[in-house]
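Please open the model in your viewer and keep the selection tool at hand.

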Amino acid sequence: MRKNRKKWLGLTLAAAMTAGTLAGCGNGDGNASQETPGSAGTNEQKEDGQESQAAGSSSEEIPTFKIVTVRWDANWPTDFLTEEGGFMKVMEERAGIQIEWDIYPYDGWGEQKSLMLASEDLPDAFLGSITLNASDVISNKDSFVDLTDKIQNMPNLLHAMEEDPVLRAICTDTEGKVYSLPKRLAMRPKVNGEVAYINQEWLDRLNLEAPKNIEELENVLLKFKTEDADGDGDPDNEFPISGNSGNPLHDDLRGILSPFGTMVSREGNFMGLNNEGVPVFVPVEENYKEAVKWMRGLWEQGIVDPERFTQDSSTWQAKMQAEGGSQVGIVFAWTSDAAVGLNAGQYVPMEAVEGLNGIHYLENVSNYLDVTDRELVITKACEDPDALLRWADSFYTDLASLQMTYGEIGTAITDNGDGTYTVETPTDGSSLDIFAWCHSLRDFGPKWMSPEFDEKVILPSDQGDGAKRAEDPVNEQYVSQDRNIGLPLIHYTEEQTERLITLNSDICPYAIGQYAHWVVDGGIEEEWDAYIEQMKVMGLDELIQIHRDAYEAYLESMK
């Protein structure tokens, strides 16, 4: 933390504003006190004894904190974080602090993060659950502030934890310590994960029906490739299946291969639950072998984009978001507009095809996406963690969480004056999902919204989260099938984490490389036994046992 030497000229006003923000629960409807940044002065009530940082400070210096955060896309604007009079800036002023944002794109962040954690030049905090992963926190506890006792001075968070005990559980490690702040996303669908979107324009042009099983899926994909699905006369610019080179195995296990029962955790560890509910390393299971053989057949027929394993995300997105129409037949995404942008009108959500054992597999990861920890991790470099936590606590309120998710009231959101709020359709031609990421922290950062307030938010039904919820009827009948979640987000001990880091460094890259090799070159049948033996030499059995032990502990904690 550094000190800004300018005098704090509006101290009294800021103190009053902060008091309103930091007041805890007890506003009559069971919610923590609400504030509307941008409309300073509303709801400035303060419980007895609740003092703001500003009011209790004798210093004329404004504490300044350096916070690192990561954005999925380097091209997304970040001015909403620093704009004078904007939501995020007002929240700083109310808390009596200043923030210097250090923003990194997700691509390449892993290497930069490793260097940062290994150095002594740490920021005051990391914000957003993709900025640090669980092993980063567990393996570097000496670099982070233990928040276990400090969160007792966060009234809004404590209220949220009382209403929603999972929030406390998700950020409490195996030793009962809290090193990060949690969040729960609001306005969530029943089908909580990525689903298949099929190019309906292509289906209509070729007079096809959406596939209902694996065999029909392959037939439709083949016709997409061989019968000029986009109608432009060019047989080489249709890609029924595409993707990027980031982690094709992880993406395909959760996507195109999922009818074979290959759903895995979002953690990227390739762990899933088999049909008996037992944790398994999916890339060594027999159903995985069959899935890869099927994918090899698609490659041989030209169904898979020949650049599937080599192109970066921008090249892949250019194919999906091509002017004049998408060049991709099926995409797996949160919503179609999140993947294909303005070509979303070409796509419809596809009912999960019937897979192995008659199961309709689809991703359903509410226990991973909705509730997460690591939304704010404070480092030992921070000289005043309490001040930063007071700022963070102000986001655990309904209106703050709403604006953290979509943008500001008055621009992205309309206050209807009757207790309801409308999230507006963007007027700049962008999709609502992308607009929200460009004008707010969206899924990242501390936040919690009461279920009662959730019902007061009106979303557009044709895109973004509103479209996602409107699509629930397509697949909601399959949500109860509990083989769709992969391995839940669970906690590991420090010793387990250290072993997993070592084991994964060999096993996962080997699995990824073999997958690409078998799809492009073939040979899985002949090479399978040697592959399994090599996995065991690398420590596969130990890796699986660690996950199973941690999963058992997770199940016990849920009782």
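Begin by selecting Glu215 and Thr226, the exposed residues (over 50% relative accessible area; buried is under 20%, partly exposed in between; 1.4 Å probe, protein chains only) on the face of α9 turned away from its buried side. The model is predicted, with local features requiring pLDDT of at least 70 and side-chain atom pairs pLDDT 80 or more, while totals for chains, interfaces and linings use all residues. Residues are numbered from 1 along each chain as its sequence is written, and side-chain values use heavy atoms, without hydrogens and water. Helices (H or I, at least four residues) and strands (E, at least two) are DSSP runs numbered from the N terminus.

Next, select Ile214, Leu217, Val220, Leu221, Phe224 and Lys225, the buried residues of α9. They lie on the same side of α9, because their arc around the axis (from the directions of the C-beta atoms) is only 140°. Among the elements covering them (contact: heavy atoms within 4.5 Å) are β6 (195–199) and α11 (286–300).

Move on to glutamate 363 and arginine 254, whose side chains form a salt bridge (a side-chain nitrogen of Lys or Arg within 4 Å of a carboxyl oxygen of Asp or Glu) at 3.0 Å, N to O. Glutamate 363 is in the loop between β10 (347–349) and α14 (366–369) and arginine 254 is in helix α10 (residues 248–254), so the pair ties together parts 109 residues apart in sequence. Glutamate 363 is buried at 1% relative accessibility, as is arginine 254 at 10%.

Finally, select lysine 293 and glutamate 290, a salt bridge with closest N and O atoms 3.5 Å apart.
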